[in-house]
Amino acid sequence: MSGSSASPMMVQYLALKEQAEDCLLFYRMGDFFELFFDDARLAAQVLDIALTSRGEHMGLPIPMCGVPVHSAEGYLARLIKAGCRVAIAEQIETPEEAKRRGGSKALVARDIVRFVTAGTLTEEALLEPRRANVLAAVCEVRGQCGIAACDISTGRMELEECAPDRLSAALARLGASELVAPEQWDLAPAAAMPRPAREFGSDQGEARLKAVHGVATLDGFGMFSRAMLAAAGGLIAYLDHVGRGKLPLLLPPVARSGDAHLAMDEATRASLEILVTSQGSRKGSLVDALDRCVTGAGARLLAEDLSAPLTDLTLIEARLELVQWLHDDPLLRADLRTVLRALPDLGRALGRVVAGRGSPRDLGQLRDGLTEARRIHDFLLPRTDLPELLRTLLPSLAGHGALCDHFARALVPSPPTERGQGGYIAEDYDAALDELRRISGDARRAIAALETKYRDQTGIVALKIRHNGVLGYFIEVPAGRADALMAPDSGFTHRQTMAGAVRFNAVALHEEASRIAQAGGHALAAEEAHFEQLVAEAIAARHAIAATAQALARIDVAAGQAERAAESGWSRPAISAGLALEIEQGRHPVVEAALAAKGERFVANDCRLASHDRLWLVGGPNMGGKSTFLRQNALIVLLAQAGGFVPAARARIGLVDRLFSRVGASDNLARGRSTFMVEMVETAAILAQASERSFVILDEVGRGTSTYDGLALAWAVVEAVHGVNRSRCLFATHYHELARLADSCEALSLHHVRAREWKGELVLLHEVAEGPADRSYGLAVAKLAGVPAPVVARAKAVLDKLEKGRAETGGLAAGLGDLPLFAATAAAASEPEVDALRARLAEVDVDALSPRDALELVYALKHLAE
């Protein structure tokens, strides 16, 4: 690679790198994937591996690093997690084939065989077992946005259509790992990867779907709009690109209807921390508190249920009936969960097999999973009290008898993950293969016998017959004993001299080695042929196998929901078509679990909204539980419509079409938005979209601006939600003035979270009671939080002045202009005289005191206390 002109290898590398575009290029060289130039610099930094150099290019050293092929998956996982994309360039011919093609100096041909990206992973080591890995494509056709989404690890594919203003909410629900969109599309999300616009044609999309599924019409799969088909075209084109012409498992597309699911925008999902917390962690989220599934597939389906709760009463009741059935029979539930726990991940094993990345172990997992599914079927079928949903799922658990029998005969009980060494096809399955193995085994025994014979013949006890990948089988003796074997008539042929040993060959050894190589090669070829046949059989049954995997996941979700309900005394919600929302003794599932872990009790609260009382104005101190109360009721609605039990003594819920949560906000500096701007954008979305069937929770609207502006905005928002949107709503506020709205809004009622002061300390009761809050307790909370006593005392003086002015003039902040900024007010005397002592102590830096200073301080404090 030195000199002014690039070497043939570097010419080949640069050509492949041009194809790889913005991906890191893993260039296969023997047992390593090598990276060069900027790829090497980036990879070395991300992977924390050594950056070296090799040769020169254009007069400069070539930066280089590499990773072993056998452990590449772990490195790939770290690169993908860091946001990189990787192109894999493999050798597509052997060195022998290269020599036959171009002579002894011919370069082995290489080509990019696959692109590895966040949304196109199928390897078990690269995927999170309990989280779906979604790839999505989005585009616009005639004013409507089409979305195509699939998890290629299981093949599930969904198509949907929405208005442009609903696009962000739909994408938030999907939580795609990777998103593609047409290049130069104005509405493309910032995170989307641009792809050629020509790939997003509806006609091409329809043609590609027909070709993938081998059908003349898509009518059997459902009705798909032009926008849906265009997005599907873009998705399949991208998969074809990253797979280099080989598509992964794609099941028939399912059309998703927008009104079939409870709608939640991105802000609501983030606020309720459904799948991840505000810090991006699964721990502490709703799904983490709820998940009792014993399979990865069940956990993924549960997350999907929580992301898209239902609005169809019949479907919700079907799920609830199955959860109830399993809840009421603990012994059956325990037996079922024991069997499910041992199941392999059928869907992902099938995905790897269809994508051409399957192993003998994956085939063994299909065999074992389908066999266990049949056991579950046979166990449940005789029951006469089966819920309707389970009755519809049972047929999917059977029907694989012939495939399971075949795989059971063909495969060893525990097939290996690699097929290069063979050994995964069972004995007695193929007589010819058994014979090849017998010949190979006999030859190996013959070699062991030869070793004994050569030791006796030469008298060299240390003589050994060894094997390596370069020389094959050879005889090795210590260097000091080699002279006897060097003689021309010894029957041994010299092959290699090492530092302390000499290696030889012999005719008999060569013959036995040839027998082993020939029989072993034929045996491997025979096993490979059987493997391909078994893969073809699995691919032919892919739709039925995927249905079995989906049915098992649904049963696992229901059993996990029942288990969670039994753990904490959750109840089955009653869902109706009305507008009521009645929750007795409701709790927040995440907060309750966190308190239980510390041995503390959660204070349950009721919430009853009806047409005549549909908006609750909730006051009370910070830290008193207002936000928790708001969130817990939203989560109970979500859990109920997802088809699970809820943390409440009783719940009756009128179907909710959209759920809105504006609880807290953080600065969105990346978009140049302040907290208040974020709050107003989210509030505007609620006022534009909420209906009387929606459920809205609003917390402290208006607090991010001046007191007058904030109060005015909060007042107007309450009036709009009450009179225009007419939604069921919980509205938490610190503005006591809003209590006056109860006089003009007939369906608004006042509530507060209770608190009491006891011996100068604030006691938060976390109970929601009727009526307005008597005071805000803001200064008491500040004191509780550790604000220095002089600051609290000063605030008390300011507050007294403000309240006096308000009492005199009726104005919210009248009298503020008369308040000197730095007045030493007599109001501070309302604090106990001991506050002077506290103030002096607050000023002391204890760690900086010398012994003399400490003594003087004690005298000073004694003087203050007198």
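Colleague: Does Tyr13 count as buried, partly exposed or exposed?
Modeller: This is a predicted model, in which local features need pLDDT of at least 70, side-chain atom pairs count only at pLDDT 80 or more, and totals for chains, interfaces and linings use all residues. Residues are numbered from 1 along each chain as its sequence is written, and side-chain values use heavy atoms, leaving out hydrogens and water. Buried means under 20% relative accessible area, exposed over 50% and partly exposed in between, with a 1.4 Å probe and protein chains only. Tyr13 has 1% relative accessibility, so the label is buried.

Colleague: Thanks! How many aromatic pairs are there?
Modeller: Rings of Phe, Tyr and Trp (its six-membered ring) pair if their centres lie within 6.5 Å; planes under 30 degrees apart are stacked, over 60 edge-to-face, and the rest tilted. By that rule, the count is eight.

Colleague: Which kind of pair do Tyr13 and Phe37 make?
Modeller: Tyr13 lies in helix H1 (residues 8-20) and Phe37 in helix H2 (residues 37-47), so their pair ties together parts 24 residues apart in sequence. Helices here are DSSP runs (H or I, at least four residues), numbered from the N terminus. The ring centres are 6.2 Å apart and the planes at 40 degrees, so the pair is tilted.

Colleague: And which kind do Tyr424 and Phe531 form?
Modeller: Tyr424 is buried at 0% relative accessibility, and Phe531 is buried at 3%. Their rings are 6.0 Å centre to centre with 75 degrees between the planes, a pair that is edge-to-face.

Terms used
Helices (H or I, at least four residues) and strands (E, at least two) are DSSP runs, numbered from the N terminus.
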